[in-house]
Amino acid sequence: MKVLIIGGVAGGATAAARLRRLDENAEIIIIERSGFVSYANCGLPYYIGGTITDRGALTLQTPESFRSRFRIDVRVNEEAEKIDPTAKTVTIRRHTDGTVYTESYDKLILSPGAKAVVPEVSGVHGDRIFTLRTVEDTFRIREFIETSHPKQAVVVGGGFIGLEMAENLIHDDIGVTLLQRSEQVLPPMDYDMACEIHSYLRMNGVDLRVKQTVAGYEPDDNGGIRVLLKEGEPIRADFVILSVGVIPETHLAEEAGLNLGMKKSILTDEHMKTSDDNIYAVGDAVCVKNFISGREALISLAGPANKQGRIAADNICGIPSSFSGSQGSSVIKLFGMTAASTGLNEKTVQAAGIAYDKVYTFSASHATYYPGATNMSVKTLFCPETGKILGAQIVGFEGVDKRIDVLATAIRAGMTAADLEELDLAYAPPYSSAKDPVNMAGYVIENVRSGLVKQFHWHDIEEIAKGDDALFLDVRTDEEYRRDGHLPQMTLHIPLDQLRENLDRLDPQKKIYVNCHSGLRSYIACRILSARGFDCYNLAGGFRLYLQISGNSSYDPSPRYPCGIVMD
C-alpha cells in the first residue's frame, strides 16, 4: 500500500507515524511545501519573544528523523499543485528548482491546514507587515526585530496568536498597540469573561483598543508604518503583526471535486474519509462536528488535528476508528494570567437554539489559609432542565488549567451539575480546597435549578431598574460600599450581618435584587429574605463582575476571599 500525505505539522505527521506503527510495509510519503515537516506551531510566538531561545527546539521531527526511525519519505520545499482522483495521482512542484513531477497513491491524506487571513486594504503587503503561521514566518519576524531594533508594534487581531504575540513583544521591550475589530478579544470566551482579560492586558502595558477597524497602511517619514483606522487617528508603528484569523486552505480539494462545507472546509465522515473513498482529510482544513451542539464547526487546534491524523491512519489500515467531534477546549497564558474554555459559550449555544442558563463562581485556587492562593472566575453554562454541563470558561492564575480539564472531561462524559457536586477530587491545602472550584460550580447550579435562589444578571440591571417594583439591595460592608462604589441605580445598603435587624427597611411588595462582591453573601441574604416571604434575586457574579464589565475599575490582582476581603 502506498499512502501519500499532503502537509505535515500536527495532522499529517501524526498520521504518518501511526501508519508506520500499524503497517511496517506501507510506502509512506509526506509532501510539505515549507522547509519544516513537524514543528511546535503553538510555540512560535515564544521564540519571537525570546522565551524559547533554541531554534532547534521548535522542530519536533525532521526529514532525517522520520526516515531513520519510521522509514518515511519526507519531501520538504515541495508543493502539491493538483490532485487527479480518477488516476489517483498528485502533481507536485519542487520549490528548489521549479521542476514538476507526478506521484501516484493508493490512499491520500490531505493535511493542508489553514492560511492566515490578509484583508485586502491599501499597503497590506508592505515589508514591515508580517503574519505568523510557519517557522519561516517566525524567523523573518525575529530577524527583523534583531536587525531593526523596533520600539513600537501594532498587533491586529486579539485571538490566540495575536495575544501571545502582544505578550512576547512586551517581554522583548517593544511597545504594543493591539487592535480588535469586535468588542472583545478571545472569541471562545464570552464578553463578560473577556472584560477581565481586557483590564489585565492594559495593566501589563498593552494598549488595547476594541471596536477598531484597519482601513489601510502607509509608510511614515521615519521608515515606519502608519496604521490607518476607520474610527480614529492613525497609529504609528515600526512594524505590524496581522493576526485576524485563518481560513481553510482547500483549493486542492475544491479543484479535485471533493465535497466542501462551511467556508469551503473539507467535509469528511466520522472516519475522516472525504467524498472520495481513497482520500482522507485531517486538521485545520476539515469541517468538524461540535461535540455538544452537533453543528458544523471550524476548530483550528492541535489536539483535534492529532486525533484526526491517528483516526485516518487507523481506518486506512482497517481499524474502524471514529472522530466524535470537538468541543474546542483551549487555554492561553497571558503574562501571569491563564484563560481557558471548553464546550459552548453563549454565542454558540444561542446559535444552536439550545436552552441554557449560566452561573458565575469566584473561587480560590487552593485553601485560603495556605499561602499563595489566587482567585479564578468561573462561568458555567448548563441545561436548566437536566443540569447537563454545556460549556465552561475560567479566567485566573494558578490551577485554571486543572479545573478546565476536569470540566472538559465532565462535558465529554455527559455529566450534570449533580455529578460535579459528587466528583471526588484530590485535595490538600497547597493544591485545592475541600470543596473544589469544580464542586462549587455544581453546588451553585443545583441551588439555581432547585429554586433555592433566583438569579439576575449584569445585563438585566438596566431593564429591571425601569420598573416600579424593584429594590436594589447591597449587602457588602460599609468599607466596600465606600471604597468600590455601588450600582448606579438607587441602592439600599444594609451589610449582611445587619440584615435580620433591618428587615423593616424593605418593602415586601417589591422584588429585592441583592448584590455583594462575588455572589456568596448575597446568596445568604436571599435565603434570609426568602425565609421571610420576600421575592428576591441574587446578582450572578456579584459587583466585582459588574465593575469589570462596566469598565469602571482597573484590574486588581490582589487575592481575595469570596466576601471581597483581601487575603493576607
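The model is predicted: local features need pLDDT of at least 70, side-chain atom pairs count only at pLDDT 80 or more, and totals for chains, interfaces and linings use all residues. Residues are numbered from 1 along each chain as its sequence is written, and side-chain values use heavy atoms, with hydrogens and water left out.

Helices (H or I, at least four residues) and strands (E, at least two) are DSSP runs, numbered from the N terminus. Two strands pair if DSSP finds at least two bridges between them.

Strand β12 (residues 152-156) runs parallel to β13, and five bridges join them. Gln152 stands opposite Gly175 of β13. Between these strands the chain passes through α5, and the β-α-β crossover is right-handed. That term applies if, with the strands pointing away from the viewer, the path from the first strand over the helix to the second runs clockwise.

On to the next pair. β13 also pairs with strand β14 (residues 207-210), again in the parallel sense, over four bridges. Here Thr177 has Asp207 in β14 as its bridge partner. The chain goes from β13 through α6 to β14, and this crossover is right-handed too.

How many of the six residues of β13 are buried? Five are, and the strand is mostly covered. Buried means under 20% relative accessible area, exposed over 50%, and partly exposed in between (1.4 Å probe, protein chains only).

**Helix α6**

Helix α6 spans residues 191-203 and has 13 residues. From its first C-alpha to its last it reaches 18 Å, close to the 18 Å expected at 1.5 Å a residue. The expected span is 1.5 Å times one less than the number of residues.

Ten of the 13 residues of α6 are buried, so the helix is largely enclosed by the rest of the structure. Among them are Asp192, Met193, Cys195, His198 and Tyr200. After α6 comes Gly205, whose phi is positive, near 100°.

**Salt bridges**

A salt bridge is a side-chain nitrogen of Lys or Arg within 4 Å of a carboxyl oxygen of Asp or Glu. The whole structure holds 34 of them.

| Glu79 | Arg33 | 3.5 Å |

Take the bridge between Glu79 and Arg33. This pair links distant parts of the chain, 46 residues apart. Glu79 sits in strand β6 (residues 78-84), and Arg33 in the loop between β2 (27-32) and β3 (38-39). Glu79 is partly exposed at 24% relative accessible area. Arg33 is partly exposed at 37%.

Asp172 lies in the loop between α5 (160-171) and β13 (175-180) and Arg142 in helix α4 (residues 135-148), so the pair ties together parts that are 30 residues apart in sequence. Asp172 is partly exposed, with a relative accessible area of 25%. Arg142 is buried, at 14%.

Arg483 is partly exposed, at 42%, and Asp484 is partly exposed, at 27%. Elsewhere, salt bridges that share partners join Asp190, Asp192, Glu346, Lys347, Lys358 and Lys379 into one network. Asp192 is also one of the buried residues of α6.
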